[in-house]
Amino acid sequence: MLKDYIVVDLEMTGLNPKTDRILEIGAVKVREKQVLGTFSRLIRPECNLDARIVELTGITDDMASAGEELDTAVTAFLEFAEDLIWVGHNVQFDYKYIKQWEVNHRMEKTYYSVDTLKIARKCLPALEKKTLDYLCTYYGIQRTSRHRALDDAVANRTLYEILEQHFYQEEPDLFVKKLLQYKVKRQTPATPQQKKYLKEFIEYHRINLDIPIEKLNRSEASRLTDQLIRQYGKR
């Protein structure tokens, strides 16, 4: 049974940690079963948001453009999280994005977690869905807004405490911390040749990009180059 932990929720620009970016981080720190503090950062993704993400989260391009730099936000989050156990709904998915950032910065840290999605799947098999939205409705958990990181983390904290109260005695192993693991390669910055080619290409075709070329990694620069060539042809 957890007394000290941190509930983590991230919003992203998409579903692939190798190509998509963290948009928002929310967290709730709990010690001795009491909320000690909260964390919330909106992050500037350096790209225009897909309409589906805007509809889902309510975060607009204008809001995102006023967010923090990724490095500043993630560093602050990790300091806030300390060495606490992560609690989340499908927490492995959120962890992948943090892990990618750490690998890019040559960091190696160990984290443990308890996953409310896994608990719900095991203990509530008859429920039609096991999403955070559905479970909050099922248990009558009040929410200010959905798919905003801090609000989801606050709701998930309440959900965890309810699940622990109901199911810890019969399924104690589900509430034991598990090592978070994800293997990923370091993303290296775009080469000078890639950046030079892209700058000349967009100038030649008079293209307005929503992504700063200087901040692209090598894979992103390669994908963007291929995309532009397919759309505009070679120079």
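Which residue in β3 is the bridge partner of E24? In this predicted model, the partner is L42.

Strand β2 covers residues 22–31. It pairs with β3 in the antiparallel sense, and the two are joined over 8 bridges. Both strands belong to an open sheet of 6 strands. The order across the sheet is β3-β2-β1-β4-β5-β6. Pairing within the sheet is mixed. Two strands form the edges: β3, at residues 34–42, and β6, at residues 178–179. Each of these edge strands pairs on one side only. A helix also packs on the sheet: α5, formed by residues 116–123. Helix α5 touches β4 (85–88) and β5 (112–115). The direction of α5 makes about 40° with that of β5.

Aromatic rings were examined next. A search of the whole structure finds 12 aromatic pairs. One of them joins F39 and F80, whose ring centres are 5.5 Å apart. The planes of these two rings stand at 35°, so the pair is tilted. Stacked pairs need planes under 30 degrees apart, and edge-to-face pairs need over 60.

Helices α3 (70–81) and α4 (91–104) each supply at least two lining residues. The largest share, 4 residues, comes from α4. By type, the lining of the largest pocket divides into 11 charged, 9 nonpolar and 7 polar residues.

The second largest pocket has a volume of about 510 Å³. It is lined by 18 residues. Those nearest its centre are D9, L10, E11, F93 and H147. Four elements are named as giving two or more residues to this lining: β1 (5–12), α1 (51–57), α4 and α6 (132–139). Here the largest share, 4 residues, comes from β1. The lining of the second largest pocket divides into 7 nonpolar, 6 charged and 5 polar residues.

Two elements link these descriptions.

Terms used
Residues numbered from 1 in each chain as written. Predicted model: local features only at pLDDT ≥ 70, side-chain atom pairs only at ≥ 80, totals over all residues. Heavy atoms only, no water. Pairing = 2+ DSSP bridges. Contact = heavy atoms within 4.5 Å. Axes fitted to C-alpha atoms, helices over the stretch in contact; angles between N-to-C directions. Nonpolar A, V, L, I, M, F, W, Y, C, P; charged D, E, K, R; others polar. 1 Å grid on protein atoms, 1.4 Å probe; cavity = no way out; pocket = protein on both sides within 12 Å on 5 of 7 lines; lining within 4 Å. Points joined across faces, edges and corners; volume = space filled by probe spheres on them. Phe/Tyr/Trp six-rings, centres within 6.5 Å; stacked < 30°, edge-to-face > 60°.
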